[in-house]
Amino acid sequence: MKGSGSVDDRARSLLVETLYTQPASLAIGAANGIISSVIAAWISGNRAIAIIAAILTAVAVARIAFSVRQARMHPLEYSRRLEILYELGAFTYAALIGLVAALCIWFHVDGQVQVMTVAVALCYGTGIAARNAGRPIIAIGQLFLAQVPVIIALLSIGSLTYIFLAITVALLLPAMTSISLNVFKVLRKSIIAAETSARLADKMQALARTDVVTGLANRAGLNHQLVEKQMALCDPHKLALFWLDLDRFKEVNDTLGHPVGDRVLAEVAVRLRDQAPPGATIARFGGDEFIIVCELPTRFESERLAGAILEDLGRPFRVTGERLEVGCSMGIALMPDDGADIDRLMQAADLALYHAKINGRNQASFFDPSMTRDLVRRKEIEAELRNALQQDELSIFFQPIVDLETGRIRTFEALVRWFHPIKGEMRPDEFIPVAEETGVIITLGNWIATQAARACAQWPEDVTVAVNLSPLQIKAPGAALGILNALKEANLDPRRLELEVTESLFLEDNDNTGRFIEELSAKGIRFALDDFGTGYSSLGYINKFPFKKIKVDRSFVSGPNVGRKSDAIIRAVAEMGSTLEMEIVAEGLETIEQVQAVKEAGCTLGQGYYFSRAVPDHLAAMLLAQEREEDPRRRVAG
Ligand code: C2E
Ligand code: CA
Ligand code: CA
């Protein structure tokens, strides 16, 4: 096995290191050899012994010098060369020690000298067999080289004592060999075990930092990589953090199931990897949120990347034959401008993302300090809105919608008003979105419908009331029932209620929406398409749903961009209205010129400050009474 081979290599080099880690024991062994052989040479006066003693001394000194030098370096890198060098030195030295003892026996030198040199050879051989067990070849080789010459010399003399001694020494060889090998096995096993657990720990850590669905970093992995990235950053660099949230992922997951959802997420990951610059950190940050962090030199490049990602994720996904459009919203924060550290950068990007989402999704927004203020205000509104309903801070005002031909009031649009005891009047543009986000819109919407219906019940029968409905309110279960209850409570004919919905309602194809409109239309309630022209420029739903009225957004009537183009658009819409038998309302009429222009363009109804602002119900009733006084024919009719 390849793996076990490399573990062997690593175990080996680790053990080779141990050969050199104790120069002291090497020195003691060397000193013993030198002293005993010099004594033997000196007492015996034998030339051969003297020569061997001299060589042995030279080898021992060289080994110690080498070992001391080696201990100061990092030895692992040279382990193969080191091993050979060590082997050479060790084998030579062991053989010389054995040879000195053998020569002392061979030349019948003094008995004490023989005992000394033989004992030194035996001690050295057995001692080394244990010390160098990390490298069995060296241990066993030295054992044999130190002891075999002694055995041969003893046998060559051939006396009973020596033969017995030779046998004893010979028995030592297999005994020490087996001990050596056992020690080696234990050492090797523990090294492999240590390595394996270290590798497992690494693997576990990597797993803990990876998202299984996409293979991207998860929250823990992101934190880890960001810390590293921040440390590696040499500062003039600009770090950009993109926080993405898929717009319609929840629907995919809920309707098609988690396996399909997972595949969409995986495909999103692939697209993000394609778009992100090399070296970028990409992570899935829970559910359907993703984070990309990368170094980008300019804001322009961040814009470009954001654009590319939006476009790429806007392309449909194909999963098991389904064509899914998911899209994403994105918040972007730049370091150092929007935050000096990663935490602040994340906060900033999160806020920017929140803005992108409430501004209509499928867009990217860069962090701006005003977002922090907005958020604080939203949080306040959120907290106060629930109380506002109970404490009678909310009321409904009515703005007339006037027949441009006769100048008479045909409808009143109900517009909610919030008079905060401390902050004064709050704008619906500001609190309605918060009510939508928090779900309060459902209670609030039903309350508004009830109030509006009650007011309308007091008016002459030819005057209707228009109530704005938020898409979220319509999609909630029991939405139709809420409206019908309001009518019942006020005892109002359904034909006198008109519901204004915006184009955004049809952005997401939802069965509930269709059912809601059909059910209420069947009861006689009419529908108006509000803010026409600001939305998504698909005319399909005008055909699909029974709209009686189209309200052309006030940006076409008053405002900076009004001109020939908007005039042409109003004309086209008015023409469409007359063909489809729908009434066209021009919103935001502030001057007589505007009134004349939209009338001339073909609009049938008008609404705006020119006629009246939204007024409380008693003033609305007064407006109607005034109108009827001026025109006695009507009074009879009313
Ligand atoms: P919208 O439905 O388009 O309502 C018309 C808005 O234009 C009202 O603002 C009205 O006061 C304003 N307006 C009318 N005539 C003129 C004019 O001549 N010039 C100008 N500049 N503005 C004019 P308001 O009441 O602030 O409402 C803003 C938006 O808030 C509404 O837009 C609607 O989307 C939402 N909203 C208001 N009341 C309700 C409600 O009761 N329920 C729901 N769901 N949304 C509401
Ligand atoms: Ca409206
Ligand atoms: Ca409108």
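**Exercise 1.** Decide whether Tyr124 is buried or exposed.

*Solution.* The model is a predicted one. Tyr124 has a relative accessible area of 11%. Buried means under 20%, so Tyr124 is buried. The value for Tyr93 is 1% relative accessibility, so Tyr93 counts as buried too.

**Exercise 2.** Classify the aromatic pair of Tyr93 and Tyr124, and state which parts of the chain the pair ties together.

*Solution.* A pair of aromatic rings is described by the distance of the centres and the angle of the planes. The structure holds nine aromatic pairs. In one of them, Tyr93 and Tyr124, the centres are 5.3 Å apart and the planes make an angle of 70°. Planes over 60 degrees apart count as edge-to-face, and the pair is therefore edge-to-face. Next, place the residues: Tyr93 belongs to helix α4 (residues 79-106) and Tyr124 to helix α5 (residues 111-131), so parts 31 residues apart in sequence are tied together by the pair.

**Exercise 3.** Classify the pair of Phe412 and Trp459 and locate both residues.

*Solution.* Here the centres lie 4.8 Å apart, with 45° between the planes. Under 30 degrees would be stacked and over 60 edge-to-face, so the rest, including this pair, is tilted. Phe412 is in strand β9 (residues 409-420), while Trp459 is in the loop between α15 (440-457) and β11 (464-468), so the pair ties together parts 47 residues apart in sequence. Both residues of the pair, Phe412 and Trp459, are buried. Together with Phe398, Phe412 and Trp459 form one aromatic cluster.

**Exercise 4.** Find how far Arg63 lies from the ring centre of Tyr86, and do likewise for Arg613 and Tyr609.

*Solution.* Arg63 is placed over the face of Tyr86, and its distance from the ring centre is 5.0 Å. For Arg613, the charged end sits over the ring of Tyr609, at 3.8 Å from the centre.

**Exercise 5.** Describe how helix α20 and helix α21 cross, and what residues meet there.

*Solution.* The axes of α20 (residues 564-580) and α21 (residues 592-601) come within 8 Å, crossing at roughly 45°. Sorted by type, the contact residues are four nonpolar, no polar and three charged.

**Exercise 6.** Which backbone angles deserve a look at Met335 and Pro336, at His108 and at Asp392?

*Solution.* Start with omega: Met335 and Pro336 are joined by a cis peptide bond, with omega about 10°. Pro336 is in the loop between β6 (328-335) and α12 (342-358). Then take phi. His108, a residue other than glycine, has a positive phi near 50°; it lies in the loop between α4 and α5 and is exposed at 56% relative accessibility. Asp392, not a glycine either, has a positive phi of about 60°. Asp392 lies in the loop between α13 (370-390) and β8 (394-403), and its relative accessible area of 65% makes Asp392 exposed.

How values were computed. Residues numbered from 1 in each chain as written. Chains lettered and ligands numbered in written order. Predicted model: local features only at pLDDT ≥ 70, side-chain atom pairs only at ≥ 80, totals over all residues. Heavy atoms only, no water. Phe/Tyr/Trp six-rings, centres within 6.5 Å; stacked < 30°, edge-to-face > 60°. Helix = DSSP H or I, 4+ residues; strand = E, 2+ residues; numbered from the N terminus. Buried < 20%, exposed > 50% of the residue type's maximum accessible area, 1.4 Å probe, protein only. Lys NZ or Arg CZ within 6 Å of the ring centre and 35° of its normal. Axes fitted to C-alpha atoms, helices over the stretch in contact; angles between N-to-C directions. Contact = heavy atoms within 4.5 Å. Nonpolar A, V, L, I, M, F, W, Y, C, P; charged D, E, K, R; others polar.
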